[in-house]
Amino acid sequence: MNHTDKNCKTIQMTSREIRDRMSGNEAVAYAIRQIDPDVMPAFPITPSTEIPQMVSTYIANGEIGTEFIPVESEHSAMSAAIGAEAAGARTITATSSAGLALMWEELLLAASNRLPVVLALVNRTLSGPININCDHSDGMGARDTGWIQIYAENNQEAYDNYIQAFPIAEDPRVHLPVMICQDGFITSHAVENISLLEDDAVKRFVGQYEPEEFLLNPGRPVSVGPYAVSDYSMEAKKGQEDAMERAGSVILETAERFCRMSGRKYGFFEEYRMEDAEYVLLLMGSAAGTAKAAVDQLRQQGIRAGVLKLRVFRPFPAAELAEAIRRCGCRALAILDRCESYNGVGGPLGSEVTQALYRAKVYTETVNYIYGLAGRDFTVEHVFGIVDELRDVADGKVLPPDHKYIGLRS
Amino acid sequence: MNNNYSLKTMMNRPERLAPGHRMCAGCGATIGVRAVLRGLHEGDRAVIGNATGCLEVSSYMYPYTAWEDSYIHNAFENAGATLSGVETAYKVLKRRGKLGEGEQFKFITFGGDGGTYDIGFQSLSGAMERGHDMVYVCYDNGAYMNTGIQRSSATPMYADTTTTPAGKVSAGKVQYRKDLSAIIAEHYVPYVAQTTFTRDFRDLHRKAETAIYTEGPAFLNIMTPCPRGWRYETSRIMEICRLAVETCYWPLFEVVEGKWILNYQPKNKLPIEDFLRPQGRFKHLFKPGNEELIGRFQEEVDKRWEDLLYRCSRT
Amino acid sequence: MRTDIRNITPSTPYTGLTEGLQLYAAGTSRQFMSGEWRTSTPVLDMEKCRQCLLCAPVCPDSCIPVADGKRQAFDYDHCKGCGICAAVCPFGAIAMTED
């Protein structure tokens, strides 16, 4: 495992390892079975549909006690999730693409009402044209809704991230909803090896959900979702932003606790062969696997390339990211966006990463690449091309383009 | 309660909507809310839902809540879905022993006609169809009052609203109103009722209590006049309600397990002018030359009344 | 911890507001004096009142409390003076006076 940490291995692991093979959707559904949440409202949308299907099957067979609400839309899925969570129930849902877009208004309300709902997002491009394949435009479109967002490279990470979502969301310092993201089809449907945890270990790790105040608390009525005049609204938003900032350390603490149980280490991002990397690819999701394979080959040729795989996009680990780039002595950085911002200058990672570097006074050359939109293939050859270009940029042979498409017919 | 109704008994029940909310003087919506909540038996707990609208922004303006029970407002179009989440949470928490055995909660949500007939229609339909044990109450004042009196699908024909203004070449809203009570009845939910304020509130109190204590989804459609939008003197609300019923503009009926029941048949059905005349939003209809419009309004009222009588006669 | 809204004012720092602006309290609107909006005031003539209670349910502002089957004095802290109670009284026991 890439994430196996030497320090963790010295600690007695608290869960036996169960080896299996499954898809990313199966892995998330498996985690849901282990956690046995209270309520799941969901509406089917490709490629996340399997998750509510599998959960419905667990329920139908009496394996879990979750109440499934077969809502009539994703907007109602998140609306019902807000109601259930506010009522005191541990609540989950799953969606993709247009489903997340339809939830948008409600995503903001889940966060601003400080409700720790957990959503499994199986990333798929937003219409139009309508297309069912992966890119990150759905998740990126929700980047300013106040949700914590954690992205997975593969089924293992989708499973591990999903289990960690609850202690993060429900921590009293946080009380924010969490989106656990995996790449549609590439991760959600591809069957890979996976290392699962024991049911009891997962239950212990996640714990009981015991909110202090909730709608169904007898004799202790609460009011949720006020109208607030300007005297209070800005203060409320800052309070929410503070919670997002606090989420950073809770994410790391949770990762550490998870490592003690599983032996698998997580942080804000993973640094792959970054120690002395002159050319770095920064990206999220399944394409990191491709980038790592390409980097291994480049290293054999003596080219010092590395990968920085961002796991936690919200809260955005700006300072830590910039420090990692500074530390390795990177000469040129490729920022890869699986999403187009339509702002004329690149994608959302491009904007946020360059801002992070500038503020940390890390003045390395950067190129923002747009790749893999709506399921377009991303290959090791593409990575070779990118690294060639980074070298030319670093050597001053070419000026860095402000943003550039990969794998586009032109 | 049907046969030995006592206003005194009902009024002895605890007040569940506190004073100090910011609704306009003379507002019909809060009269409706108070009456519905009186349907709850003393000691029974409730979670109240609310779509965005006048009632929401005025009754829970941070940090002032007028609600004595737990209350949740989410957004404009999703009061049905939101409360279905709360009700489902109740079911599972109860089953899992996380709520005391004797703890009984009821679920009641309020939406204006904008949040119910229009933008929240899908969410309401879904919640009714799924069979949640809840009451959806529409306080129907026949326009989007919170944003400044724009037409809704509940607005009566010819009403002068800010998006259907009466003008030189316009007689107000072109369409007649949607019959939402009938549409929800077609969901074959256990209980649907249409009501408004009558002298001793017998009709509303009885229907509220029935709706709340009927297992499964129930829908109440309450005509709650808005003095600002309808343009009448605030003190005249009970007279306006009486005329709505006596002209058969707003008939009182209920649909119990699919059975249509007429609750009140006027001895002398009054002409629709009587309902329209006191309201400023219909003033233009009384200009010379517009008699034909009132005739058309009357025809529509008659047709719908006949339809209702037919439905009630079949069962 | 239950919310005491006296601690929540427009000068309260943001860290002093409740999380998500949830309110762990009920009926706090009583602390807002909506009676200040009133331009016309209902006055009850106890001589004429027969305690029929028809005025109590028509108040939009819960300002005619009922206890033991009898209406109590008007809650002038919150009454907005709409006049519905005076209009429904069958005995002319409620008069509206201009303030």
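**View 1. Helix 7 and helix 9 of chain A cross at roughly 125 degrees.** The model is predicted; local features need pLDDT of at least 70, side-chain atom pairs count only at pLDDT 80 or more, and totals for chains, interfaces and linings use all residues. Residues are numbered from 1 along each chain as its sequence is written, and chains are lettered from A and ligands numbered from 1 in the order in which they are written. The axes of helix 7 (residues 155–170) and helix 9 (residues 230–262) of chain A come within 9 Å. Axes are lines fitted to C-alpha atoms, for helices over the stretch in contact; angles run from 0 to 180 degrees between N-to-C directions. Helices (H or I, at least four residues) and strands (E, at least two) are DSSP runs, numbered from the N terminus.

**View 2. Four residues of helix 7 are listed at the contact with helix 9 of chain A: A:D160, A:Q164, A:P167 and A:I168.** Their partners in helix 9 include A:V250, A:I251 and A:F258. Contact requires C-beta atoms, placed from the backbone, within 7 Å.

**View 3. An open sheet of six strands in chain A has the order 10-12-11-14-15-16.** Its pairing is mixed; two strands pair if DSSP finds at least two bridges between them. Strand 10 (269–272) and strand 16 (403–405) are the edges. The twist averages 20 degrees from one strand to the next.

**View 4. Strand 14 (residues 332–337) and strand 15 (residues 365–370) of chain A pair in the parallel sense.** Six bridges join them. A:I335 has A:N368 as its bridge partner. Helix 13 (residues 380–394) of chain A runs at about 150 degrees to strand 15.

Definitions and conventions: Two residues are in contact if their C-beta atoms, placed from the backbone, lie within 7 Å.
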